[in-house]
Amino acid sequence: MPQLINSVLGAISPDDLGITLMHEHLIFGFPGWQYDSAAPPYDREETVNTCVEMIKEAKRYGLKTIIDATPNDGTRDPELYKIVAEKAEINIICATGLYSAADGASAYFRIRAGVSKEYKKIINEIYETFMRDICQGIGNSGVRAGVIKIGTSKGRIAPYEEMVMEAAAMAQKDTGVPIITHTEAGTMGPQQADYLISKGAEINRLAIGHMCGNANLKYHLEVLQKGVFICFDRFGFNLAFPDTLRIGTLVGLIGLGYEKHIMLSHDCVLKWLGRKLPVPETSASLVANWNLTHIFKNIIPAMKRANITDERIKTIIIDNPRRLFTGE
């Protein structure tokens, strides 16, 4: 019998996933937003309405599951996830994990490691954090995490990030929960995969994220040849990288026969915590399609125009997420 998956409303079968977006955020706040006294306060009820409205629109295209990739230091709200999942009638799978050293809240574990010099002890503390979220639940919410999220910096893996990655691999070995990752600016995908695998991460349950920030096929092939999944999961976020290059790279990789190792998403944030992301007016058009429906409205039609068959598209948006969770 396949391993059940922790959704925010309880355990589900891998066969219940259906069309899945692999990397989204219902809410997200960079560490520090809590201390902006002049920022708008977090309104959960308003946020529920915003999320439900957007998700219901995406459900018209058959969407059945959202992986919320918000790490612990991105300000998760498991109570929000439960309410939205119930109201929108959708599977939501949330994460445990820690973000990159530069953009996350690294100081707590990093300073503990620096003071004690007992790095293995601190790795065990991070592991205990992940295990509690997966096996017991996040806080008192009763919501158990269903994926582990880690991140690395641009052009390097910081020592703190190595500790988090080792703890993630340990937790995965003990639970079978997939690891999904954040890479920065199209770098460190191969190095992430190598490091996690060297620490015992299961290849079939490892997805290297934001690979679509790099159009170099050699970069992609270096990762794919390790046997892991890759995620083209920033469609619509043209501030970072243009969709035209994402689509071209995606079509090229499918043409090379790698459709069984690719998954799609947007990495969009339905509600920013703190002040709204300050995108200049001159750049507003670059994020106009950064939402939950863009892949269905624009990317899949572009794939079909490139003669990507419905069967291959189904493999990417339905079969591969299921296989990530089952370890097939």
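Predicted model: local features only at pLDDT ≥ 70, side-chain atom pairs only at ≥ 80, totals over all residues.
Local features need pLDDT of at least 70 and side-chain atom pairs count only at pLDDT 80 or more, while totals for chains, interfaces and linings use all residues. Residues are numbered from 1 along each chain as its sequence is written, and side-chain values use heavy atoms, with hydrogens and water left out.

**Helices α1 and α2**

- By class, the contact of α1 with α2 comprises eight nonpolar, one polar and five charged residues; Ala, Val, Leu, Ile, Met, Phe, Trp, Tyr, Cys and Pro count as nonpolar, Asp, Glu, Lys and Arg as charged, and the others, Gly among them, as polar.
- The axes of α1 and α2 (residues 78-88) come within 9 Å and cross at roughly 45°; axes are lines fitted to C-alpha atoms, for helices over the stretch in contact, with angles from 0 to 180 degrees between N-to-C directions.
- The two helices, α1 and α2, are therefore oblique to each other, a term for angles that are not under 35 degrees (roughly parallel), over 145 (roughly antiparallel) or 65 to 115 (roughly perpendicular).
- Helices (H or I, at least four residues) and strands (E, at least two) are DSSP runs, numbered from the N terminus.

**Aromatic pairs**

- Eight aromatic pairs are counted, where rings of Phe, Tyr and Trp (its six-membered ring) pair if their centres lie within 6.5 Å, with planes under 30 degrees apart stacked, over 60 edge-to-face and the rest tilted.
- One of them joins Phe28 and Phe30 edge-to-face, at 4.9 Å centre to centre and 80° between the planes.
- Phe28 is buried at 4% relative accessibility, whereas Phe30 is partly exposed at 35%; buried means under 20% relative accessible area, exposed over 50% and partly exposed in between (1.4 Å probe, protein chains only).
- The ring centres of Phe30 and Tyr99 are 6.4 Å apart and the planes stand at 35°, so this pair is tilted.
- Because Phe30 lies in the loop between β3 (19-28) and α1 (44-59), and Tyr99 in the loop between β5 (91-98) and α3 (107-116), the pair ties together parts 69 residues apart in sequence.
- Tyr99 is buried, at 9% relative accessible area.
- Ring pairs link Phe28, Phe30, Tyr99 and Trp272 into a cluster.

**Ala95**

- Ala95 lies in strand β5 and is buried, with a relative accessible area of 1%.
- Leaving aside neighbours within four places in sequence, the contacts of Ala95 include Asp68, Asn72, Arg76, Ile138 and Val147.
- The C-alpha atoms of Ala95 and Ile138 are separated by 9.6 Å, and the two residues are 43 residues apart along the chain.

Methods. Contact = heavy atoms within 4.5 Å.
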